[in-house]
Amino acid sequence: MNSKTMLYIIKRILLAIFTVWIVITVTFFVMHAVPGGPFVGEKATTPAVQKAMEAKYGLDKPLMEQYFTYLKDIVTKFDFGPSLKQRGRDVIDIIGDGMSTSLMLGVIAAALSTVVGVILGAIAALRRNKIIDRVIMVITTAFVSMPSFIMGALLLVLFATTLNLVPANGDSPEGLILPIITLALYPMAYITRLTRSSMLDVLGQDYIRTAKAKGVSGKRIIFGHALKNSLIPVLTYLGPMLAYIVTGSLVVEKIFAVPGIGRAFVSSITNRDYTMIMGTTIILATLIVFMNLVTDILYKVVDPRITLE
């Protein structure tokens, strides 16, 4: 690894750290600017009790003091504080419990969508303007246009309620099938279209025509040159895709009652659990930043011709 590549990686890491700091700062001050408080909606809460609760969680201190304490706890101890509603539990423990399920769903959905999307995209490109190409484009257009919560509801009604093939909730392994499919459909359709357009562009390049003129076999041209080089745009999408799937699972997990980070996050919003909302937002934003960072660094691995600046 040369010095220019090392310098690029260091710059990207520093930029990622700066971005995460911005997210933490904005999230903290926005949450504290929201009217009301986390204890306003509780029953039989007097002003004296509210003040006592605020003092217990340090909410009675000056705002800047709260901010620097919060930032210090995150940096030094990776501590997002206690949950204001789930008494006796820390935010990081709640996120950890939910994130294990959400990450499992995300990784499986990402792998499924990538494999199927690349295969369908390559088939569509090699059979351009044929019936199979048009069928694939129509189906993927429908999946790209349909929001995940609508797709999830349709799958739930069809396969769980009407046909009774799988459970309606995600508390069992069988119940995770529909959430995984729901999360995988949109990125699968997007990767299919991305692979098709990229592969068509590669197939029209001069070096492909030169390889054909030299008598290189069709399989070697497709798998050794066309498909490999057409995967660079797909790689660009993989990092944000995994982050999108995990963050996009918030609504899907609520639909299928999956015990993941999504259900915990939605519940924290309805319960005005400020520390839980901030912690979840920061963790998910950090995941997106990290995946983008990994994707940028992997460019050089996939195609050494790419110059990192």
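Colleague: Why is Arg12 called buried?

Modeller: Buried means under 20% relative accessible area, exposed means over 50%, and partly exposed lies in between (1.4 Å probe, protein chains only). The relative accessible area of Arg12 is 16%, so Arg12 counts as buried. This is a predicted model, in which local features need pLDDT of at least 70 and side-chain atom pairs count only at pLDDT 80 or more, while totals for chains, interfaces and linings use all residues. Residues are numbered from 1 along each chain as its sequence is written, and side-chain values use heavy atoms, with hydrogens and water left out.

Colleague: Where is Arg12, and what does Arg12 touch?

Modeller: Arg12 is in helix α1; helices (H or I, at least four residues) and strands (E, at least two) are DSSP runs, numbered from the N terminus. Not counting residues up to four places away in sequence, Arg12 touches Asn292, Leu293 and Asp296. Contact here means heavy atoms within 4.5 Å.

Colleague: Thr27 is also in helix α1. Is Thr27 buried or exposed, and how do you know?

Modeller: Thr27 has 12% relative accessibility, so Thr27 counts as buried. With neighbours within four places in sequence left aside, Thr27 is in contact with Met278, Thr281 and Ile282. The C-alpha atoms of Thr27 and Ile277 are separated by 8.9 Å, although the two residues are 250 apart along the chain.

Colleague: What makes Ile22 partly exposed?

Modeller: Ile22, in helix α1 (residues 3–33), has 34% relative accessibility, so Ile22 counts as partly exposed. Ile22 is one of the residues of a nonpolar surface patch, together with Leu15, Phe18, Trp21, Val26, Val30 and Val34.

Colleague: What makes a group of residues a patch?

Modeller: Patches are made of residues with over 30% relative accessible area and no salt bridge; like charges are joined within 9 Å, and nonpolar side chains (Val, Leu, Ile, Met, Phe, Trp, Tyr) within 5 Å. Accessible areas come from the Shrake-Rupley method with a 1.4 Å probe, and for residues only the protein chains shown count as cover.

Colleague: Why is the link between Arg89 and Asp97 called a salt bridge?

Modeller: A salt bridge is a side-chain nitrogen of Lys or Arg within 4 Å of a carboxyl oxygen of Asp or Glu. The closest N and O atoms of Arg89 and Asp97 are 2.6 Å apart, so the pair meets that definition. Arg89 is partly exposed at 32%, and Asp97 is partly exposed at 47%.

Colleague: How many salt bridges does the structure hold?

Modeller: The structure holds 3. One of them joins Arg196 and Asp133, at 2.8 Å from N to O. That pair links distant parts of the chain, with Arg196 in helix α7 and Asp133 in helix α5 (residues 131–145), 63 residues apart. Both Arg196 and Asp133 are buried. Lys77 and Asp73 also form a salt bridge, with the closest N and O atoms 3.5 Å apart.

Colleague: Why are Lys77 and Asp73 separated by about one helical turn?

Modeller: They are 4 residues apart in helix α3, which means about one helical turn. Lys77 is exposed, because its relative accessible area is 55%.

Colleague: What makes a nonpolar core?

Modeller: A nonpolar core is a set of buried Ala, Val, Leu, Ile, Met, Phe, Trp, Tyr and Cys residues joined through side-chain atoms within 4.5 Å. The largest one has 67 residues, of which Ile24, Tyr70, Phe80, Ile95, Met99 and Met276 touch the most other members. Elements giving two or more residues to this core include α1, α4 (91–126) and α9 (218–255). Leaving aside neighbours within four places in sequence, Met99 is in contact with Val246, Ile261, Ile283 and Leu284.

Colleague: How many helices and strands are there, and where is confidence lowest?

Modeller: The protein has 11 helices and 0 strands. Confidence is lowest in helix α8 (residues 206–213), at a mean of 69, and highest in α5, at 89. The mean pLDDT, the predictor's confidence in each residue from 0 to 100, is 80 for the protein, and 86% of its residues reach 70 or more. Where pLDDT is low, the predicted coordinates should not be read in detail.
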